[in-house]
Amino acid sequence: MSNARHLSAVLLATGMLFPALAAPATILRTEATHDDERYKLTFEVVINAGRDKVWQIMTDYNRLTRVSKVIVESRILKQEDENRHRVGGTLHACILIFCKTMKKVVDIEARPQDDIVVTGVPALSDFSYSVEHWEVSAEGAKTRLRYSAEMVPDFFIPPLIGPWLVKSFLQREIRGIAIKVEELAGQ
């Protein structure tokens, strides 16, 4: 067998023996709708990482920048108890030629260890309304994340192409977050 064929056989066999390492997170559903100025977003993804580790990463509010390139700053502003925090952050996103830096302050209630409710503080944010809900559940050695959000941005989004752009951006961002959480969980 030539070296090239031998290498191909080894690579193929390795992929078959370790499919979990080769398989990325599975996005089951993504939806983005727009009604008047209100955006509704939902997604469901299965991540190749244990629930406890995923929960730990998602509730490390001072280090959310590790999870997404869009989050350029995150920090705990106030902690009421171990499950309730006020968190401030700066987001920077570009969709096609449109780039925007946004401030967001949220109150987070983590209901151990399967629900996280994130409520925006409009007076301190670039969103006049924002409510997000994360459901984190174990599926064997994997974790299923269900996300739903309603938000009203306090900045202009082009009405004709906005929903399409947001959905396209959301799908890319979800995949990136899932891959990054898997990577962090494996460390």
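1. Strand 5 (98-111) and strand 6 (115-120) run antiparallel and are joined by six bridges; two strands count as paired if DSSP finds at least two bridges between them, and strands themselves are DSSP runs of E with at least two residues, numbered from the N terminus. The two strands form a hairpin with three residues between them, and Arg111 stands opposite Asp115 in strand 6.

2. This is a predicted model, in which local features need pLDDT of at least 70 and side-chain atom pairs count only at pLDDT 80 or more, whereas totals for chains, interfaces and linings use all residues. Residues are numbered from 1 along each chain as its sequence is written, and side-chain values use heavy atoms, with hydrogens and water left out.

3. Strand 6 also runs antiparallel to strand 7, to which five bridges join it, and the hairpin between these two strands passes through six residues. Within this pairing, Ile116 has Trp134 in strand 7 as its bridge partner. Strand 6 is mostly covered, since five of its six residues are buried, where buried means under 20% relative accessible area, exposed means over 50%, and partly exposed lies in between (1.4 Å probe, protein chains only).

4. Strand 7 (residues 127-139) pairs in turn with strand 8 (residues 142-153), in the antiparallel sense and over 12 bridges; here Val131 has Glu150 in strand 8 as its bridge partner.

5. Taken as a whole, the sheet is open and is formed by eight strands in the order 1-2-8-7-6-5-4-3, with antiparallel pairing. Strand 1 (26-35) and strand 3 (71-81) stand at the edges with a single partner strand each, so one side of each is left without a neighbour in the sheet.

6. Which residues does Leu64 touch, not counting those up to four places away in sequence? Leu64, which lies in the loop between helix 3 and strand 3, touches Ile57, Met58, Ile71 and Ser74, contact meaning heavy atoms within 4.5 Å. (Helices are DSSP runs of H or I with at least four residues.) Leu64 counts as buried, because its relative accessibility is 18%.

7. Leu96, by contrast, is exposed, with a relative accessible area of 62%, and its place is in the loop between strand 4 (84-95) and strand 5.

Key
Axes are lines fitted to C-alpha atoms, for helices over the stretch in contact, and angles run from 0 to 180 degrees between N-to-C directions.
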